[in-house]
Amino acid sequence: MKVFWDPICLLHDPPYEILSGNKVPYFESPARLQVIKKELEEHPSLFQLELTDSSSGGIDITGHVETVHGRGYLNYLRNAYDEWVRDGGSAVPLSDNIFSGHRLTPPSGRAKVHVDSLSPVAKAGYYCFDLSLTYSSAIASVNCRNVGVFALCRPPGHHAGTSLSGGYCFINNVAVAAQFLQGFNQRPTDKPSVAILDVDYHHGNGTQEIFYSDPSVLYVSLHAEDDYPYFTGSTTEKGINDGVGTNINYPLPRGTQDSDYCAALSNAVEEIKKFDPGYLLLRFFVFLYRGLNLSLRLIEHLISLGVDTFIDDPIGDFKLSPSCYTRIGQIVADLGKPTLFVMEGGYHIEMIGKNVRAVLQGFEEQGTTDVRP
Ligand code: Q9C
Ligand code: ZN
């Protein structure tokens, strides 16, 4: 399995966050990525790590990000820190508690910011919203033989909506990747469909919001009921207008264990099979157009991969054991489709690498025997 990562994803490093009124170390730390990377590097026959070249990838990232997020919101993210400091705010990087108040600030009418002229911390604040990694993963995966591809990125994205950040998330990586794949594979008449399966402990309110009226994107989420982000994720949220039926939530009680989790996951996978993002015709056209070899396959399934469902996770309340992560990978592999895994949450530093590896390995080992184009 190919794994894409980029050292600029390490730059975002707030010193603390406020949790229930207490100042605590920031859980969504660069160490998370380092630990996962190290774990995967120790298994080179299974995982091939590749550095993305964000500076000269040749893709206009901004354009793709703007298909998901509002221009005003993106300008806000670019300018907020500078304006904050200029206005006398503390030079300690902003926490998302402060970002969540962004609706109080008029986002429009600001001058364009040239990244090069930003302060060092503001630059980090700009680059940490990195997506080049996810794009590169998506593009590379189109041609690669591997059934699965992993975007080892941070900050996570599934809480970020079109014009809203929160829950450690600023840019919705999986949403941008989904839109990118749909655009990349565009045929004259209708949009190709994709499915997003979200196994992070928390409900992906942002991903749900972005695709809520879009019938071409199925969003399926397993998450804790009555936990963060509190106001979304019920079974009654099924989509709106043309998108009715393409949003499916599986809220699960706190304390959920392996067997109940896997049962719900199997149900979710059945729903995705019913939706069946179909690409047969498209594959044929792309094949003709590019004259490529027969291994060409397109990604139709994206997984928001969070491992904060782990029994000892410091902010999650599920009780999944390490062995459950292999099972999760196997169940996802049952879908039998090329799949892009995008990193979301997971905050138990000692086990995050092993749990992520277990999912990917479970997928890969199951996939190599069962999945054929
Ligand atoms: N007592 C992701 O996993 N704080 N975001 C929760 C719970 C925010 C998690 C506090 C958690 C956001 C991507
Ligand atoms: Zn989470």
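This is a predicted model: local features need pLDDT of at least 70, side-chain atom pairs count only at pLDDT 80 or more; totals for chains, interfaces and linings use all residues.
Local features are reported at pLDDT of at least 70 and side-chain atom pairs at pLDDT 80 or more, while totals for chains, interfaces and linings use all residues. Residues are numbered from 1 along each chain as its sequence is written, chains are lettered from A and ligands numbered from 1 in the order in which they are written, and side-chain values use heavy atoms, with hydrogens and water left out.

Let's start at the ligand. Ligand 1 is surrounded by 13 residues, the closest being Leu-19, Gly-167, His-202, Asp-308 and Tyr-347; a residue counts here if one of its heavy atoms lies within 4 Å. Some polar contacts (pairs of N or O atoms within 3.5 Å) can be picked out. An oxygen atom of ligand 1 is 3.0 Å from a polar side-chain atom of Asp-308, and His-202 places a polar side-chain atom 3.2 Å from an oxygen atom of the ligand. With His-159, a side-chain N or O atom lies 3.3 Å from a nitrogen atom of ligand 1.

Now turn to two helices, taken as DSSP runs of H or I with at least four residues and numbered from the N terminus. The axes of H9 (residues 258-275) and H11 (residues 322-333) come within 10 Å and cross at roughly 10°; axes are lines fitted to C-alpha atoms over the stretch in contact, and angles run from 0 to 180 degrees between N-to-C directions. The pair is therefore roughly parallel, a label for angles under 35 degrees. Asp-258, Tyr-261, Cys-262, Leu-265, Ser-266 and Val-269 of H9 meet Ser-323, Cys-324, Arg-327, Ile-328 and Ile-331 of H11, where contact means heavy atoms within 4.5 Å.

Finally, look at the loops. Most residues other than glycine have a negative phi, and most peptide bonds are trans. Between strands E7 (217-224) and E8 (247-252), the loop holds Pro-229, and the Tyr-228 to Pro-229 bond is cis, with omega near 5°. Asp-226 sits in the loop between E7 and E8 too, with a positive phi of about 65° although it is not a glycine. Strands are DSSP runs of E with at least two residues.

Methods: Angles under 35 degrees count as roughly parallel, over 145 as roughly antiparallel, 65 to 115 as roughly perpendicular and the rest as oblique. A polar contact is a pair of N or O atoms within 3.5 Å; within protein, one must be able to donate a hydrogen and the other to accept it, and residues adjacent in sequence count only if both atoms are side-chain atoms.
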